[in-house]
Amino acid sequence: MTKPAAPTAEPFTTVIGLEVHVQLQTKTKLFCGCSTTFGAPPNTQVCPVCLGLPGSLPVMNREAFSLAIKAALALECRIAPFTKWDRKNYFYPDLPKGYQISQFDLPFSSDGWLEVVDPKGAFSRKVGVIRVHLEEDAGKSMHDEAAGTADTRIDLNRAGTPLCEIVSQPDLRSPQEARAWLNELKLLLVYLGVSDCNMQEGSLRVDANVNLHIPRPDGSLAKTPIVEIKNMNSFRSVERALAYETARQYDEWQATGAELGTTPKQTRGWDDPAGVTRAQRHKEESSDYRYFPDPDLVPVTVSEEQIAAAKALMGTPPTVLRTTLAEKWKISAYDADVLVNQGRELVGYFEDVATRVGEGKVASNWLQQDVLRTLNERGETIDEFPIRPDALADLIRRVQNGDFDTSRGREIFAEVLTSGRSVADVVASLGIAAVGQDELIALCKELIAANPKIVADVQGGKEQAAAGLIGQAKKKNPNVNPAKVRQMCVDLIKALELPTRTPEA
Amino acid sequence: MQPAELSAVEIVAAIRQGDMTAVQCTEAFLDRAARLDGSINAFLKIDREGALETAAAIDARRKAGKPLGALAGLPVAVKDALCTRDLPTTCASKMLAGFRPPYDADTVARLRAADAVIVGKTNMDEFAMGGSNENSAFGPVKNPWDLSRAPGGSSGGSAACVAADMAPVAIGSDTGGSIRQPAGLCGITGLKPTYGRVSRRGLVAFASSLDQIGPMARSAADCALVLETIAGHDPRDSTSLTAEVPRYSELLEQPLTGLKIGRVAEHYAEGLDPEVRKGVDEAYAVFEAAGATVHDIELPHAKYGVPTYYLIAPCEASSNLARYDGAHYGHRAEPGTGHQAEPAGGHRAESGSSQHFDSPLVEMYCRSRGEGFGPEVKRRIMLGTYALSAGYYDAYYAKALKVRRLIRQDYLDAFAKVDLIGGPVSATPAFKLGEKTGDPLAMYLVDLYTVATNLAGVGGISFPCGFTRGGLPVGFQLQGPALAEPLLLRATDRFQRLTDWHLRRPKQTA
């Protein structure tokens with residue numbers, strides 16, 4: 001399936017692996033009953049368990065576990081029949097127990113993949129997923145950089161929030177692929193209702209590992225030291241940071257010749273405003289986390305029945321939906337991609353409209369050209385969009401009937417949007433009414449009589465000259481359908497040439 | 001009626017029948033504690049005011065004809081390792097001096113719901129690490145039978161306060177013998193239930209896979225009464241057992257005819273005090289007289305119990321105690337002013353007048369923990385940190401887990417042959433205060449006969465089976481399969497119907 005990356009001018013192969021943390025969409029934390037709602041005042045969503053008070057004990061949130069199973073299944077992972085919890089020990093003020101409950105050597109799932117296909121055909125990449133495991137989040141440290149004070153404030157609202165850690169194989173070959181894969185991953189997790197993947201609120205965090213494989217003239221391969229990039233706050237930052245790092249590593253290799261294994265793995269932070277990565281201080285004593293099984297928790301067993309049940313409840317993933325949508329509604333793969341990438345709610349909206357008008361293509365056009373543009377302008381989601389599918393379908397049907405043309409339809413769309421009135425209401429108030437056949441013939445005859453030049457042109461074989469009559473027709477009656485006016489005028493003019501025959505109406 | 005002369009069962013009955021009020025009973029014990037504890041130091045906190053208030057409320061409810069809990073009016077002392085909402089919970093550590101948890105341990109909540117009267121918090125080895133109660137940051141507990149001797153540990157305060165009749169019942173916790181060993185050295189009855197039988201929620205963790213709360217009292221019947229209240233499933237402790245709680249005190253009557261008790265050759269190893277051996281042998285004879293039979297069995301991996309325990313428990317402890325970092329609660333060193341704390345074992349580093357710290361944060365951690373923890377706690381944190389470190393994990397922690405499984409299997413095999421396993425609780429009677437404090441390894445061996453019970457996760461009970469010529473109690477231990485508490489209690493109760501060792505009182509505290 002995997003096609004080679006688009007040929008580049010670069011004299012090396014970029015090797016990228018991603019480590020993604022997503023916050024699971026549970027009401028409560030992973031090991032206690034505290035709320036996970038974002039944005040509450042600091043340290044108000046805490047209890048003895050997530051504060052790590054003496055004597056407190058964790059109890060696993062079953063909902064978090066089943067959401068994580070859903071994510072792993074969608075990533076085609078193998079679900080372990082037996083999994084356990086481990087403690088990752090380290091000291092930090094936003095880690096109140098002095099250890100994080102995570103999964104070390106027996107993650108609940110492993111060995112999956114997620115494919116990303118560029119709709120324009122630039123690349124298609126099946127990326128391996130090494131493992132997906134569950135862990136609790138730490139709190140948040142806010143370093144007060146004000147001169148002299150250097151205080152650190154700790155908010156433990158986030159401490160104990162369930163996180164899924166997804167570790168990819170180093171299968172990505174360009175910053176663009178990495179960004180596209182992240183988009184696909186996010187789309188999948190949002191479709192499944194596993195996470196809202198909101199990067200601003202920290203529900204999705206990405207670290208990237210990158211190095212270069214550079215062919216030497218003798219045919220051997222030079223591999224640059226692997227760098228882990230942190231502190232990227234958007235998928236765009238990920239792409240930019242990787243592009244920067246790729247260039248930096250090539251320059252450094254040319255300057256120093258440093259290769260993998262000769263220097264320890266480096267961590268670099270992305271400085272977004274400056275557009276550079278900077279070396280971060282090496283963690284003291286590297287990282288001996290002294291993982292061991294958490295004796296406060298019992299191992300979790302997962303049966304085949306539970307896996308089957310989770311699969312049954314999973315819904316259609318985006319990859320499948322793209323194909324079925326294109327086939328069912330006879331729209332292009334590109335159109336299906338655009339619609340599906342907007343999320344499950346928009347696809348639902350589209351299918352509702354398409355069903356009502358009985359056609360996919362026209363509904364897809366209206367959604368892509370009008371609805372999506374409006375959503376972008378208004379910063380709304382499809383659920384908040386005031387024109388509901390029945391109203392949009394009503395409007396499209398009237399255009400299809402020839403009641404008015406598409407541009408008139410757009411005016412009505414805009415008016416419905418701002419006024420909040422129904423399509424019928426707006427049509428009536430704008431005086432838009434279907435123009436009868438007799439009325440149309442009378443109008444066209446009037447125009448022909450007043451425009452001998454155009455009549456002559458049409459008679460001379462330039463049928464397109466009839467278009468010059470449309471503007472005048474709209475001035476006389478804004479409700480006329482331009483296509484009908486044009487056709488009627490041409491027909492009438494042609495009938496003039498053959499006075500012995502009556503015009504074929 | 002002298003409340004201090006009554007058993008817990010009798011006290012509850014007397015209050016229920018109106019022969020005595022809860023206030024009278026509570027006051028009598030509090031008065032004894034006020035008189036005696038100055039020399040024993042069993043309590044870290046005596047809550048006279050709170051206890052009398054609770055007792056008065058119970059009396060008022062009784063007077064008004066309202067329903068009362070199963071332990072209505074019974075004074076109970078609680079080990080300071082259990083969280084109490086309205087009382088300091090320190091684990092006898094400077095680290096938690098003055099710490100008041102915002103919640104009650106499950107056991108404390110169940111005691112309160114049963115209308116027990118919590119009279120105070122008892123002294124212990126710091127964070128339950130120790131076998132003599134000399135590791136308390138607030139001074140050692142003295143053995144009521146001989147004030148120059150240790151009461152055992154870590155639940156030494158709970159054992160001593162029952163032995164001196166300062167409370168009819170106390171709650172202890174047992175990670176490697178911390179209920180049974182002090183009960184044995186203080187001449188009382190102490191039960192370590194099956195792991196998970198009593199919720200650990202609110203018990204300040206030492207070693208989570210080994211910790212278990214249990215009752216300490218004069219007799220098996222009193223332990224049964226208390227266990228009925230504190231045992232049971234707790235959905236907020238993932239390791240708590242769901243099995244239903246039997247009415248232990250109603251299951252004591254059945255005779256021991258046909259009961260098979262195992263005798264372990266390894267228990268008679270070198271170092272067993274002859275007077276202890278004599279008491280143990282006489283106890284087997286009592287059981288035989290009661291209709292039981294004694295069978296020689298083997299626990300081949302028992303000899304690895306102590307080293308296995310001293311890897312697993314410190315490993316878990318090193319992680320459990322990481323939370324005491326001075327950042328959120330507990331002791332925090334003053335920035336920059338605290339002098340370098342002495343390293344464990346009292347050896348001051350040659351150069352060490354000033355130490356380099358990576359950052360103010362690391363300095364705060366090091367100083368807070370250096371000042372807050374005592375030497376034994378530091379020793380075990382270091383042992384555990386070392387054993388969990390990269391490169392050592394497989395050789396130490398992982399190996400210890402394998403041996404633990406073998407020990408557990410030993411017990412399963414043994415319980416296929418016998419119903420209970422007998423033996424000594426500890427190799428010697430109560431030792432002198434200071435006798436072993438200079439030798440940590442000698443101190444670790446006081447757990448020789450008790451640690452395997454915790455490693456196997458089964459239950460054990462200890463009770464007095466005689467006295468030395470010098471007047472010190474000798475303890476006998478019975479161990480049973482998982483959830484065999486009814487049998488452990490019934491066998492001990494039968495023993496106590498045939499003997500009166502458990503009724504003897506120390507002269508010093510009469």
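Below are some worked exercises on a predicted model.

Before we start, residues are numbered from 1 along each chain as its sequence is written, and chains are lettered from A, with ligands numbered from 1, in the order in which they are written. Because the model is predicted, local features need pLDDT of at least 70 and side-chain atom pairs count only at pLDDT 80 or more, while totals for chains, interfaces and linings use all residues.

**Exercise 1. Describe the overall make-up of chain A.**

Step 1. Take the secondary structure: chain A has 16 helices and 17 strands. Helices (H or I, at least four residues) and strands (E, at least two) are DSSP runs, numbered from the N terminus.

Step 2. Turn to the spread. The radius of gyration of chain A is 31 Å, well over the 23 Å that the globule rule gives for 505 residues, so the chain is more spread out than a compact globule. Here the radius is taken over C-alpha atoms, and the rule is 2.2 Å times the number of residues to the power 0.38. Along the principal axes, the C-alpha atoms fill a box of roughly 100 × 60 × 55 Å.

Step 3. Check burial: 37% of the 505 residues in chain A are buried. A residue is buried if 20 or more other C-beta atoms, placed from the backbone, lie within 10 Å of its own, exposed if 12 or fewer, and partly exposed in between.

**Exercise 2. List the partners of strand E11 (residues 204-215) of chain A.**

Step 1. Strand E1 (residues 13-23) of chain A runs antiparallel to E11(A) over 10 bridges; A:Val15 is partnered by A:Asn211.

Step 2. Strand E13 (residues 227-232) of chain A is also antiparallel to E11(A), with 4 bridges, and A:Asn209 stands opposite A:Glu228.

Step 3. The hairpin of E11(A) and E12(A) has 5 residues between the strands, where A:Gly219 takes a positive phi near 95°.

**Exercise 3. Which residues of helix H7 (residues 333-341) of chain A are buried, and why do they line one face?**

Step 1. The buried residues of H7(A) are A:Asp335, A:Ala336, A:Leu339 and A:Val340.

Step 2. Seen down the axis of H7(A), these residues fall within an arc of 125°, so they line one face of the helix. The arc is that of the directions from the helix axis to the C-beta atoms.

Step 3. They pack against H6 (318-329), H8 (344-357) and H9 (360-378) of chain A.

Step 4. Just after H7(A), A:Gly343 takes a positive phi of about 110°.

**Exercise 4. Characterise how chain A meets chain B.**

Step 1. In this interface, 26 residues of chain A are in contact with 33 residues of chain B. Contact is counted if the C-beta atoms of two residues, placed from the backbone, lie within 7 Å.

Step 2. On the chain A side, helix H1 (48-51) and E4 are the elements that give two or more residues.

Notes. Two strands pair if DSSP finds at least two bridges between them.
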